[in-house]
Amino acid sequence: MRETLGPPPQRPGGVEMGAPLLSVLLVSWNTCEQTRQCLESLASTADPDLDYEVVAVDNGSSDGSADLLAKQPRVRLIRNNHNNGFAAAVNQAYRRANGQLILLLTSDIRLHPGALSRMVDHLRERPDVAGVSPLHLSPDGTVQQHYVQQPSFAATIALVTALRRLPGFRQALHRFQLRGEDFTRPRRLASGSCLLLRRKVLGQQTILDETFPLYWNDVILARQLDQAGHEMWMLPDAVVTHSRGASTRLLGPTIRFRHLLGSLVGYLRMTQPRYRLPVFRAALLADHLVKRLLGRPVQLGLGDLLAALRGDVGPLPDRPVLGRPGEDEVLPAGAPRPMERSSRG
């Protein structure tokens, strides 16, 4: 790990002298162009009087992302030699941050004018609210239903098996995905790809659980904050464009799905009665066997599947993995995608 700028001066007790109001935490892995656009949108849309810093972590990119970040005047850059994953990198950045407000921002986000100031103003006006997210649009301008939800047990099965075709499972999955919901009004929702939080509701050293390197860490964060009695809101008059998946797709579908499934097993172990995990594993194994018998594509080979069902997500590569054309289609319909981040891999 190497930091290109030294940490700001500290008062006794670890508080920075002249600490900014806002610290932006940005994680990068081989998304140079998206990172440039993200930083440009931040600089162009932030109010002139907003005092903010950017603490960026580059997870060993090979495409020039770190050099780009090192040239930015507001950025304090931490260069990792290896791909440490999204959660660990966010926590690295958080430990260097000094702001009263913390913005989790992924490099596939472009802020629209007024989005950041609207989010900051909401927290100033509502001291009872712990965090806010903007309305997410896809690059084509359509609303993107990209918000953290706590899925039901049926929804977790539907997410990763063909049982999603059955009415009960399909309905559970659609509830998890917020199909048909109204996003024209403020909602008690949040998205970890662009999430503004009060520092006082967070831990001293970490924000995200590092046992979930890529996926489900934002769901766990939302669950923890909710259990502590904190509210998080989505504001439809704060808008961003989200091009999701710019770096996770570089992992290839096998690594992505093993991380998705292995972390989902960890989520179920944390949140569900013990008897449900064997049911989940049996459903996945049956789904795998039926697909094999019918000659249909499967997301993982048997060895990777068994490892993921134990909660073993496997290592992350330091370099992009090039998949075969069409490989993305083996990922399950509705898989996060709700949770995918360009800066996660």
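The legends below describe a predicted model in several close-up views.

Residues are numbered from 1 along each chain as its sequence is written, and side-chain values use heavy atoms, with hydrogens and water left out. Because the model is predicted, local features need pLDDT of at least 70 and side-chain atom pairs count only at pLDDT 80 or more, while totals for chains, interfaces and linings use all residues.

Figure 1. Helices (H or I, at least four residues) and strands (E, at least two) are DSSP runs, numbered from the N terminus. The protein chain has 345 residues, and 57% of them count as buried. Buried means under 20% relative accessible area, exposed over 50%, and partly exposed in between, with a 1.4 Å probe and protein chains only. The accessible surface is about 14800 Å², and carbon and sulfur atoms make up 52% of it. Such areas come from the Shrake-Rupley method with a 1.4 Å probe; for residues, only the protein chains shown count as cover. Of the contacts with a separation of 6 or more, 80% are between residues 24 or more positions apart. A contact means heavy atoms within 4.5 Å.

**Figure 2. The largest nonpolar core holds 60 residues.** A nonpolar core is a set of buried Ala, Val, Leu, Ile, Met, Phe, Trp, Tyr and Cys residues joined through side-chain atoms within 4.5 Å. The members that touch the most others are Leu 25, Val 160, Ile 207, Trp 216, Leu 261 and Phe 280. Helix H8 (residues 253-271) supplies the largest share of this core, seven residues. Another core, of 34 residues, lies apart from it and includes Leu 42, Leu 77, Val 129 and Leu 235. In soluble globular proteins, nonpolar side chains tend to be buried together.

**Figure 3. Phe 176, Trp 216 and Tyr 267 form one aromatic cluster.** Rings of Phe, Tyr and Trp (its six-membered ring) pair if their centres lie within 6.5 Å; planes under 30 degrees apart count as stacked, over 60 as edge-to-face and the rest as tilted. Two aromatic pairs are counted by this rule. Phe 176 and Trp 216 are stacked, because their ring centres are 6.2 Å apart and their planes are at 20 degrees. Phe 176 belongs to helix H6 (residues 167-177) and Trp 216 to the loop between E8 and H7, 40 residues apart. Trp 216 and Tyr 267 are also stacked, with centres 5.4 Å apart and planes at 25 degrees. Tyr 267 is in helix H8, so this pair ties together parts that are 51 residues apart in sequence. Phe 176 and Trp 216 are buried, and Tyr 267 is buried too.

**Figure 4. Helix H7 (residues 217-227) has several buried residues.** They are Asn 217, Asp 218, Val 219, Ile 220, Leu 221, Ala 222 and Leu 225. Their cover includes helix H3 (86-96), strand E8 (194-198), strand E9 (231-242) and H8. Just after H7, Gly 229 has a positive phi of about 90 degrees.

**Figure 5. Arg 74 lies over the face of Tyr 52.** The distance to the ring centre is 4.1 Å. A charge sits over a ring if NZ of Lys or CZ of Arg is within 6 Å of the ring centre and within 35 degrees of the ring normal. The charged end of Arg 187 likewise sits over the ring of Phe 183, 5.7 Å from its centre.

**Figure 6. Gly 301 lies in the loop between helix H9 (276-293) and helix H10 (302-309).** Gly 301 counts as partly exposed because its relative accessibility is 31%. Leaving out residues up to four places away in sequence, Gly 301 touches His 288 and Arg 292. The C-alpha atoms of Gly 301 and His 288 are separated by 9.0 Å.
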